[in-house]
Amino acid sequence: MPKNSKAVKRELDDDVTESVKDLLSNEDACDDSFKKSSLIVNNHEGERKECDVEEGGSDGEEEERPAWNSKLQYILAQVGFSVGLGNVWRFPYLCQKNGGGAYLVPYLILLILIGIPLFFLELAVGQRIRRGSIGVWNYISPRLGGIGFASCVVCFFVALYYNVIISWSLFYFSQSFQQPLPWHECPLIKNKTSTYVVPECEKSSATTYYWYREALDISDNISVGGGLNWKMTVCLLVAWSIVCLAMIKGIQSSGKVMYFSSLFPYVVLICFLVRALLLKGSVDGIRHMFTPKLEIMLEAKVWREAATQVFFALGLGFGGVIAFSSYNKRDNNCHFDAVLVSFINFFTSVLATLVVFAVLGFKANIMNSKCVALNTNKIVSLLGNGIEPSLIPHHINLTLVSQVSAEDYKQMIDIIERVKEGQFHTLGLASCSIEDELNKAVQGTGLAFIAFTEAMTHFPASPFWSVMFFLMLVNLGLGSMFGTIEGILTPLVDTFKVRKEFLTVGCCALAFSIGLLFVQRSGNYYVTMFDDYSATLPLLIVVVLENVAIAWVYGIDKFFEDLKDMLGFTPYRFYYYMWKYITPILLLVLLCASFIQLSMTPPSYSAWIQEEAKEQTLHFPPWGIVVCISLVVMAIMPVPVVFGLRYFNIIDDGPSGLSTVSYKKGRIIKETARPGEDDDTSLIQGKSPSEQPSPMPGNSIYRKQSGSGGPDADTAPNGRYGIGYLMADLPDMPESDL
């Protein structure tokens, strides 16, 4: 027994028995029995049988639940899962689009009202029940057991296309070991008589051409498959091989990889920030980012997009958070973890935004300088032929075009525009503004593979920075992939008791096979389809049901008692009102807004038209719309199916039939219900045993810690030769509600 444990003395045939609740509240961090213990059953004939019971489990087969090697490893795993590609290429775009620095205000408010409470809820449930998403929600309410299956389906859908993005990053990483970089300039076509630039590249840009033609070799629309892109197929195979090898041993293997995959992106981001700040124009980008547009904050769309970003940034509803926390000690302070990881995620987004806008500010200055030089040459050619030389200020020397600054050019343009007025547009002169360049909002692949790659071509030692950048993207993606795959594997292993190694290999092989859909020439359009429709609505519905299951089905008061029992202190009352009222209402509003937005916007995608060398928005064909709807329906279908099967008693309305549950140090012991007892309990909603004495006093069921003595020490069924036995048939024995 831990030294700081409080003993509750009771006189019962001169035996001293520890209070179960005290044992639950005073878990020893170094107790080896945290992972494994023994269940000993003495029947009335004096026979004894012993079986190993897994903590949090309910069966009698021998098994151990893995545990994190350290708290740091666990925090890095949660940070790696929550901090992903969206922090680098989605958050900066939303910040720029929705009011600059002012966008941080609604984001922070919604992080506190939605993000942290729901993240804390998932951490607490996973840690307490020590099961994946299927087991957790099946225990909370068997009729809501479909929530866990829905999470698994969504995780699988997301994993299919998320690893494709990692494969794109691997391709660019492999191409970065060249000087100059292959997307530095447009390729040339040589024939017998002349040499000319590829028309598609000349109409767009070198980085845009390389992305769409060299990397993706994209088709003009989704209906034209075009066959497999072998380069991307090989990269996808490598990506799935990495994930498989990292996950094959569970958290024992993936936990070690987390030290690199979670920390390396921060090293790269800091290096990029320092380097970018030393470049001309970086301050312009940062100033543009933090200039608040307060009037935009009043728009409902800003709050909806902020809530959606908070929701997906923390990985809520995927099951990865629950899976990772299920390998924790049950007395771990998960409230501290929830707040810590949430704010690490937020500050990572801000850091990434600083880096992105510093680099884009540098790029905007370069593009602006090119614009000034080009249009100054136009002015020189128009002097005396549409523009009078007297309109040019005397201090500006047009004989040295390269020395004309952006300020000089702006002064010339203002004068010419005032004088010419109606004729100005016929001159074909551009305004050349840094603000205009920065307002060209880009996100996702457009930011990572076009805008950022173009900026890096102007860096000194550009191959080095390109290698670092794409290696960072690979690591950000892998951290999120580990959590996503864990959200699939852990529930299935817990539920169906299959070997994790075989399941991991089978899952990755199946995902790679289906993923070939995304590496054909039209694959990018399928990535867009899955990204838009396979996760948003299903995950929102899953998290709404999670919140309702805890707050209203299981009971918020019971849950608070369980948290107090597990953490050793009562959580702030703030969470009580959040979980019971505020968060469900906000989630329902967000769900309705997202549904309305999706239903009002016809399913469409951005296609690259090769002849015109530009993007064009196209609507999905009828079969594509059917696929979009099917993705949403398939992801949510497990919820009503399981509910119906339970409701109509087609399968047992409980995880393992009629049984009572006893706990000791966070372990769940399943006991067959005794005749005469009518304790209608489930594995999660434990109730106090019957007040009636057992009709078979010889059938005492108690627990012995593994390795705590030989058979001779167990001669007394009431455990009077040692502390740590739990008499399951003692009347008035306090038990946890969870």
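Q: In which helix is Gly80 found?
A: In this predicted model, where local features need pLDDT of at least 70, side-chain atom pairs count only at pLDDT 80 or more, and totals for chains, interfaces and linings use all residues, Gly80 belongs to helix 2 (residues 71-82). Residues are numbered from 1 along each chain as its sequence is written, and side-chain values use heavy atoms, with hydrogens and water left out. Helices are DSSP runs of H or I with at least four residues, numbered from the N terminus.

Q: Why is Gly80 called buried?
A: Buried means under 20% relative accessible area, exposed over 50% and partly exposed in between, with a 1.4 Å probe and protein chains only; Gly80 has a relative accessible area of 6%, so it counts as buried. Leu476, in helix 19 (residues 462-496), is likewise buried, at 5% relative accessibility.

Q: What makes the residues of the UniProt feature "binding site" gather at one spot?
A: The unreviewed UniProt entry places this feature at Gly80, Val83, Asn87, Asn345, Leu476 and Ser480, and although they span 401 residues in sequence, no two of their C-alpha atoms are more than 12.5 Å apart, so they gather at one spot. Such annotations may be inferred rather than shown by experiment.

Q: How do you know that the span of helix 5 agrees with its number of residues?
A: The expected span is 1.5 Å times one less than the number of residues; the 26 residues of helix 5 (residues 104-129) should therefore span 38 Å, and its end C-alpha atoms are 35 Å apart, which agrees.

Q: Why is helix 5 described as largely enclosed?
A: Of its 26 residues, 21 are buried, so helix 5 is largely enclosed by the rest of the structure.

Key. Helices (H or I, at least four residues) and strands (E, at least two) are DSSP runs, numbered from the N terminus.
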